[in-house]
Amino acid sequence: MNVLVTGGAGYIGSHAVKHLREQGHHVVVLDNLHRGHRAALDAIEQASGKHVPFEELDLRHTEAVTSALVHHKIDCVMHFAALAYVGESVTEPLTYYDNNTAGTLSLLQAMHDAGVRRLVFSSTCATYGEPASMPIVETMPQSPINPYGWSKLFVERILIDYANANKDFAFAALRYFNVAGSAADGTIGEDHEPETHLIPIILEVALGQREHVTIFGEDYDTPDGTCIRDYIHVEDLVAAHSMVMQKLNPADQRFYNLGIGQGYSVKQIVDAAREVTGRDIPAQMGPRRPGDPPSLYANADKLRTEVGWTPSYTDIHRVIETAWRWYRNHPDGYAQP
Ligand code: UFG
C-alpha cells in the first residue's frame, strides 16, 4: 500500500515509517519538523539504504497536503502529527486545538479532495479522563480532564460524523496508553525537547545528565502510593497500526485501546531501570503533578480478538533495555554532539 505517515519524523511516527517499510509498504512522510527530527529519517535511510520520500509540510496547508496525497497516489493515511504535552495543553489550549483538532480537520478535507478513503488515527487514553474503574474498556465514558485529551476526542467525533456521511471512508482511532522504548536494532529512538516522560528522564539520570528523578506523589491510592501506567513498546504499537490498516473495510469505524493491559507503578519503573542499567538512579519524592490520574491501564482484549494483535514486550525490563541502548549510543539524541 502507499501510506502517508504524518508526523513521520517524530518518535512514534518514525518507528511507524521503519516498520511499514519493512512490511513492504511504500511510505511517504509528511512532517512540519516543529518537533520532529529530519535526522530520524536520515537514520532510517542509512540503515535501509533506501530513500525516504519526505514532504516538509504543515497539515493546515490543505491544498498542499491534497497535492501531496494525489502526487504520491496515497491509499491510506496514518496520522501521528500532533502536540502531546498535557501540561502545555493546559497553558496553551488554542495551540493544541489548532494543531491537533484543526490540523486533522484540514487533513480530512485534503483526503476528501484527493479521494483517500482510509485513516488510522493516533488517539489517546487521555480521552477517558479519570475513569471510575480499571482496566479501561473502549465503551467507558470519555470525559477528558485536559485540552490535550479534548483535542483528540473532538477528532474522534469529527471522524464519526465524516464517516457517517461518506460510506466509502473507513477509519480506526487507536487510544494509546504510555508508549516507551526504542527500535530494537538501535537505529532510531526517542528525543523530545523538553523531555517530560518518565522512562527517558530516568535514563538521563542513569547517564549522569540529571542528578535525580522526582517521583510525582507517593500518596496515591495504589499499592506503593505512586501512579500506575500501562507501558507499551513503540514497536508493538506501530505493529498494531499496520495490522489494523490491513483490516480496514469501507465504512469501518473502529476504536481500540492500545496498551498491554498491565500496569506498573512509578517506583516499579525506577527499580526496573536500576536493574537494567546497573546504575544508582537517585530518586526523590515530590508533590503530585496536577492532572495525573492515579491509575491508567487498558483492557486490550478488543484489539487482540478483532485484529489478532498481541504485544511481544510484556516485561518492562525488556522495554527499558531498548530505550537504554538508544540513550547510551545517542546521549544527545539526534543532535550532533
Ligand atoms: N512521572 C514522575 N516523574 C517524572 C515524570 C513522570 O513521577 O519526572 C510520573 C507521572 O506522574 C506519571 C508517570 O510517571 O504517573 C508517567 O508519566 P509520563 O509523563 O511519562 O506519561 P503520562 O502518563 O503523563 O502521559 C502519557 C502520554 C500523554 C498522554 C497520557 C495519558 O505521554 O501523551 O499518557 O494520560 F496524554
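1. Ground rules. This is a predicted model, in which local features need pLDDT of at least 70, side-chain atom pairs count only at pLDDT 80 or more, and totals for chains, interfaces and linings use all residues. Residues are numbered from 1 along each chain as its sequence is written. Helices (H or I, at least four residues) and strands (E, at least two) are DSSP runs, numbered from the N terminus.

2. The seven-stranded sheet. Start here. Seven strands form an open sheet in the order β3-β2-β1-β4-β5-β6-β11, and the pairing is parallel. Two strands pair if DSSP finds at least two bridges between them. In general, strands of a sheet pair through backbone hydrogen bonds, either parallel or antiparallel. β3 (54-56) and β11 (253-258) stand at the edges. Each has a single partner strand, so one side of each is left without a neighbour in the sheet. From one strand to the next, the twist averages 20°. Angles run from 0 to 180 degrees between N-to-C directions, and axes are lines fitted to C-alpha atoms, for helices over the stretch in contact.

3. Inside that sheet. Look at β5 (residues 118-124) and β6 (residues 170-176). Seven bridges join these two parallel strands. Val120 stands opposite Ala172 in β6.

4. Helices on the sheet. Helix α6 (residues 147-165) packs on the sheet and touches β5, β6 and β11. Its direction makes about 150° with that of β5. Helix α8 (residues 234-247) also packs on the sheet, touching β4 (76-79), β5, β6 and β11. The direction of α8 makes about 160° with that of β6. Two residues are in contact if their C-beta atoms, placed from the backbone, lie within 7 Å.

5. The three-stranded sheet. Three strands form an open sheet in the order β12-β9-β14, with mixed pairing. β12 (264-265) and β14 (295-296) stand at the edges, each with a single partner strand, so one side of each is left without a neighbour in the sheet. Strand β9 (residues 228-229) and β14 run parallel and are joined by two bridges. Arg229 stands opposite Leu296 in β14.

6. α5 against α6. How far apart are the axes of α5 and α6? They are 9 Å apart, and helix α5 (residues 93-114) packs on α6 at an angle of about 20°. That makes α5 roughly parallel to α6. The cut-offs are as follows: angles under 35 degrees count as roughly parallel, over 145 as roughly antiparallel, 65 to 115 as roughly perpendicular and the rest as oblique. The crossing of α5 and α6 is right-handed. A crossing is left-handed if the near helix is turned anticlockwise from the far one by less than a right angle, and right-handed if clockwise. Among the residues that meet are Tyr96, Tyr97 and Leu105 in α5, and Phe154, Val155 and Ile158 in α6. By class, this contact has 11 nonpolar, four polar and one charged residues. Ala, Val, Leu, Ile, Met, Phe, Trp, Tyr, Cys and Pro count as nonpolar, Asp, Glu, Lys and Arg as charged, and the others, Gly among them, as polar.

7. α9 against α11. Helix α9 (residues 266-277) and helix α11 (residues 316-329) pack at an angle of about 60°, with their axes 9 Å apart. That makes α9 oblique to α11. Their crossing is right-handed. Residues that meet include Ile269 and Val276 in α9, and Ile320 and Trp324 in α11. The contact of α9 with α11 has seven nonpolar, two polar and two charged residues.

8. Backbone points to check. A cis peptide bond runs from Met134 to Pro135, with omega near -10°. Pro135 is in the loop between β5 and α6. Glu193 and Pro194 are also joined by a cis peptide bond, with omega about 0°. Pro194 is in the loop between β7 (178-180) and α7. Phi of Leu33 is near 60°, a positive value in a residue other than glycine.
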